[in-house]
Amino acid sequence: MSGIVSYSGLTTKIMAMRSRLLTRDELHEVTMQENVPAVVSYLKKKPAYSGILETVVPSEIHRGQVEPILRETVYRDFNKIYLFANQEQRQFLKAYFMRYEVYFLKECLARLFDQNHTPVDVTPFETYFHRLSPLRFEQLRSAESMGEFLEILKNTKYYAPLCRVMHLDRKSLFDYEAALDLYSFSCFWKEKDVIADGVDREELTEILGSKFEMLNMQWIYRCKRYYKMSRAEIFSILIPLNYHISKKELTEMVDAEDLPALIRCMEKSFYGHAFGAADPERIEADYSAYMKKILKKGSRREPYSLATIYSYLYTKEHEVDELIIALECVRYKVAGPDAMRHLLVR
């Protein structure tokens, strides 16, 4: 599947798209803007955002309208890559695509749990994904109850995992979101051996194995710090795999009596060098930095492989996440070094 012949054109296209990603200095400049309209004016001058912001009048747009426009650039770039890819590469992209469906479903669920939540704009999903997704976007967005929401999903792969949560005695938005994450990540981990072989499979195994184990560590940390979840509850939301972390090590993390004990377990693990134990609040940024390092390494080692596709999409998604955080910093007058500390980049 991998090789110069099948990847040369796509790799060249992705390299051109990558050249449009924002630099750290440019992200810093975003945080230094006076207000949200000024940020929009700044982004309109950048190739990656000029097209989608072309008709936007900065003085007439507010913060809530900017985020979906920025996220649409991710879907647009995914669509560009998909249209350029061959049939084998599209199999990988179809598996990867689940993350966008899950994002949409989470937004719909958030609205069901909080009627003040910003309504979901289905236009980008219908524009870019109507051929890829069987989801009935408009109906899901308009559902008024969890029962109605599940009924609309009845003939899709998301029905069963959400239905299991529905039948729990106690359930929250967190439970539904965790069920979607666990299901989608587990599917991707299993499908990698079907959709890839040779170098592609090796690269995907390293990328996904590292990503999912580090996510498990993040979730354990959050569960213990913010949610006070029981042992069984924590295990129920973890992705079931062992790549660099053994079952014993994972169990020791879940059973850690307090946060300092958990940090010590994390320090002893394969990923101990990646997480800054001196500042556990940076755990998400440490994860992001480590993943970018792995993806950059994979893309350089095997530029004509799925690693290049995954690396670009991951980096683009995180750029948008960082821009959204930067917008919040501008909105609340947090500028300069203080603002950059809030971003996921180092």
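The structure is a predicted model, in which local features need pLDDT of at least 70 and side-chain atom pairs count only at pLDDT 80 or more, while totals for chains, interfaces and linings use all residues. Residues are numbered from 1 along each chain as its sequence is written, and side-chain values use heavy atoms, with hydrogens and water left out.

**Figure 1. Overall fold of the protein, with 19 helices and 0 strands.** Helices (H or I, at least four residues) and strands (E, at least two) are DSSP runs, numbered from the N terminus. The C-alpha trace spans about 55 × 50 × 45 Å along its principal axes. The radius of gyration is 20 Å, in agreement with the value near 20 Å that a compact globule of 346 residues would have; this quantity is taken over C-alpha atoms, and the globule rule is 2.2 Å times the number of residues to the power 0.38.

**Figure 2. The largest nonpolar core, with 120 residues.** A nonpolar core is a set of buried Ala, Val, Leu, Ile, Met, Phe, Trp, Tyr and Cys residues joined through side-chain atoms within 4.5 Å. Buried means under 20% relative accessible area, exposed over 50%, and partly exposed in between (1.4 Å probe, protein chains only). Leu43, Phe92, Phe104, Phe149, Ile309 and Tyr310 have the most contacts inside the core. Helix α18 (residues 306-331) gives the most to this core, contributing 13 residues. Of the 346 residues of the protein, 52% count as buried.

**Figure 3. Surroundings of phenylalanine 149.** Neighbours within four places in sequence are left aside; the residues then in contact with phenylalanine 149 are Leu105, Cys108, Leu109, Leu112, Leu140, Ala143 and Leu162. Glutamate 177 lies in helix α12 (residues 173-195) and counts as partly exposed because its relative accessibility is 23%.

**Figure 4. Threonine 315 in helix α18.** Threonine 315 counts as buried because its relative accessibility is 18%. With neighbours within four places in sequence left aside, threonine 315 is in contact with Arg18 and Leu21. Glutamine 65 is 250 residues away from threonine 315 along the chain, and their C-alpha atoms are separated by 22 Å.

**Figure 5. Lysine 228 and lysine 333, two residues with positive phi.** Most residues other than glycine have a negative phi. Lysine 228 has a phi near 50 degrees and is placed in the loop between α13 (198-227) and α14 (231-236). Its relative accessibility is 66%, so lysine 228 counts as exposed. Lysine 333 has a phi near 60 degrees and is placed in the loop between α18 and α19 (336-340). The relative accessible area of lysine 333 is 63%, and this residue is therefore exposed.

**Figure 6. Asparagine 155 in the loop between α10 (146-152) and α11 (159-166).** Asparagine 155 is exposed because its relative accessible area is 79%. Serine 133 is 22 residues from asparagine 155 in sequence, and the two are 12 Å apart in space, C-alpha to C-alpha.

Notes: Contact = heavy atoms within 4.5 Å.
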